[in-house]
Amino acid sequence: MDQYALLLASMLSAGTVLAIAALGLLINEKAGIVNLGAEGMMLCAAIAGFAAYVHTHNPWLGFLAGAVAGAVLAALFGVLVIWLNTNQYATGLALSLFGVGFSAFVGINYVQAKVPGGFSYALPVLGDIPWLGVALFRHHPLVYGAMALTVGLIWFLYRTRTGLVLRSVGESPESAHALGYPVRRIRLLAVVAGGALCGVAGAFLSVSYTGLWVENMVAGRGWIALALTTFATWRPARVLLGAYLFGGVTQLAFHLQSVGVHVPSQVLAMMPYLATIVVLALISRNPAFIRVNMPASIGKPFYPGS
């Protein structure tokens with residue numbers, strides 16, 4: 001029973017990285033912007049957050065540094081694609097490649113760095129409940145923060161005027177512009193907010209989830225988070241569930257090894273990506289369903305006055 005509790009706990013922690021990043025990308029895409037640079041932003045945020053944690057010994061400053069790093073890179077991306085009308089896909093890929101190289105260069109001196117440990121995040125009383133305490137109530141606060149973020153984003157997108165404006169910019173920017181809304185500024189704010197969340201996810205990976213820095217440690221999670229938005233058909237609750245699904249797939253392979261089931265390391269490495277391909281193939285069987293839920297102007301530039 002304890003092994004299953006540990007599996008559930010590890011699934012929630014692994015899924016949190018994907019959930020926070022994917023929710024950030026969801027905000028971007030609701031505004032009509034596709035950012036393929038999530039991998040690079042998460043890597044830069046991971047090293048920024050880890051470096052801040054090493055020097056300050058304050059994990060929350062590490063998360064703040066990661067959020068700032070993600071927001072700055074996202075702002076650069078936003079200026080290029082929103083004001084200069086560069087191709088969103090090419091610019092995102094360039095940002096991703098930049099993040100891989102830049103984080104490796106900056107992180108050379110932090111490969112052997114150690115961070116203070118020993119933090120306990122068990123909730124009082126609830127953390128002592130047999131089985132459930134280990135599985136659900138001994139997590140880092142950001143694990144619960146991802147759940148709260150999902151609820152808050154649902155409320156924001158579907159229950160507030162600002163959320164309606166954001167969705168209208170993604171659905172029909174020309175109509176929003178005709179009504180007097182600053183489409184470009186709204187899109188830029190959405191891109192920066194999404195980048196900040198990707199930054200928090202990257203910092204969480206290095207500061208809390210692993211507690212170390214390794215070159216290219218994001219290991220494709222940015223691409224999986226990007227695929228999650230499509231898998232979830234741009235719905236926040238489905239993004240969260242999908243993140244836990246992919247987190248569970250990753251951790252299940254390690255769990256099988258721990259109970260004596262031999263799984264080749266190559267299979268462990270490919271399982272998250274294989275699961276991503278399978279899920280996307282399954283939902284692509286009904287393209288009409290995807291079109292109904294996909295923001296109409298996603299990936300398309302906006303030309304005021306056109």
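Colleague: Which residues is Ser103 in contact with, leaving aside its neighbours within four places in sequence?

Modeller: Ser103 is in contact with Leu43, Cys44, Ile47 and Trp213, once neighbours within four places in sequence are left aside. Keep in mind that this is a predicted model.

Colleague: What makes these count as contacts?

Modeller: The test is heavy atoms within 4.5 Å. Leu43, Cys44, Ile47 and Trp213 are in contact with Ser103 by that test.

Colleague: Where is Ser103 found, and why is it called buried or exposed?

Modeller: Ser103 is found in helix H4, residues 88-106. Its relative accessibility is 1%. Buried means under 20%, so Ser103 counts as buried.

Colleague: Thr91 is also in helix H4. Why is Thr91 called buried?

Modeller: The relative accessible area of Thr91 is 12%. The cut-off is under 20%. Thr91 is therefore buried. Leaving aside neighbours within four places in sequence, Thr91 is in contact with Phe77, Leu80, Val81 and Thr86.

Colleague: How many aromatic pairs does the structure hold?

Modeller: The structure holds three aromatic pairs. One of them is formed by Trp60 and Phe63, and is edge-to-face.

Colleague: What makes the Trp60 and Phe63 pair edge-to-face?

Modeller: Their ring centres are 5.2 Å apart, with 70° between the planes. A pair needs centres within 6.5 Å, and edge-to-face needs over 60 degrees. Both conditions hold, so the pair is edge-to-face. Trp60 and Phe63 are separated by about one helical turn because they are three residues apart in helix H3.

Colleague: Which of the two is buried, and which is partly exposed?

Modeller: Trp60 has 44% relative accessibility and counts as partly exposed. Phe63 has 5% and counts as buried. The buried class is under 20%, the exposed class is over 50%, and partly exposed lies in between.

Colleague: Why is the pair of Phe98 and Phe102 called stacked?

Modeller: The angle between the planes is 15°, with 5.3 Å centre to centre. Stacked means under 30 degrees, so the pair of Phe98 and Phe102 is stacked. The two residues lie in helix H4, four residues apart, about one turn of the helix. Phe98, at 41% relative accessibility, counts as partly exposed. Phe102, at 39%, also counts as partly exposed.

Colleague: How many cavities of 30 Å³ or more does the structure hold?

Modeller: The structure holds one. About 40 Å³ of space lies in the largest cavity.

Colleague: Which residues line the largest cavity?

Modeller: The lining includes Ile33, Val81, Ile82, Asn85 and Gln88. Arg184, Arg187, Lys300, Pro301 and Phe302 also line the largest cavity. Helix H3 (59-83) and helix H9 (183-209) each supply at least two of the lining residues.

Colleague: How do you know that three of the lining residues are charged?

Modeller: Asp, Glu, Lys and Arg count as charged. Arg184, Arg187 and Lys300 are in the lining, so these are the three charged ones. The lining also has five nonpolar and two polar residues.

Colleague: Which residues touch the most other members of the largest nonpolar core?

Modeller: They are Met42, Tyr110, Leu166, Cys198, Trp213 and Phe246, out of 77 residues in that core. H9 gives the most to this core, with twelve residues. Leaving aside neighbours within four places in sequence, Leu166 is in contact with several residues, including Ile27, Phe156, Ile186 and Ala190.

Colleague: Why is Pro304 called partly exposed?

Modeller: Its relative accessibility is 41%. That lies between 20% and 50%, so Pro304 counts as partly exposed. Pro304 is in the segment after helix H13 (287-293). Pro304 touches His177 and Arg184, not counting residues up to four places away in sequence.

Colleague: How far apart along the chain are His177 and Pro304?

Modeller: They are 127 residues apart along the chain, while their C-alpha atoms are separated by 7.4 Å. His177 lies in helix H8, residues 173-178. At 36% relative accessibility, His177 counts as partly exposed.

Colleague: Where do Asn216 and Trp234 lie, and is each buried or partly exposed?

Modeller: Asn216 lies in the loop between H9 and helix H10 (221-231). At 40% relative accessibility, Asn216 counts as partly exposed. Trp234 lies in the loop between H10 and helix H11 (236-258). At 2%, Trp234 counts as buried.

Methods. Residues are numbered from 1 along each chain as its sequence is written. This is a predicted model: local features need pLDDT of at least 70, side-chain atom pairs count only at pLDDT 80 or more; totals for chains, interfaces and linings use all residues. Side-chain values use heavy atoms; hydrogens and water are left out. Buried means under 20% relative accessible area, exposed over 50%, partly exposed in between (1.4 Å probe, protein chains only). On a 1 Å grid over the protein atoms alone, a cavity is a set of points where a 1.4 Å probe fits but cannot get out, and a pocket is an open set with protein on both sides within 12 Å along at least five of seven lines; lining residues have an atom within 4 Å of a point. Grid points are joined across faces, edges and corners, and a volume is the space filled by probe spheres set on the points. A nonpolar core is a set of buried Ala, Val, Leu, Ile, Met, Phe, Trp, Tyr and Cys residues joined through side-chain atoms within 4.5 Å. Rings of Phe, Tyr and Trp (its six-membered ring) pair if their centres lie within 6.5 Å; planes under 30 degrees apart count as stacked, over 60 as edge-to-face and the rest as tilted.
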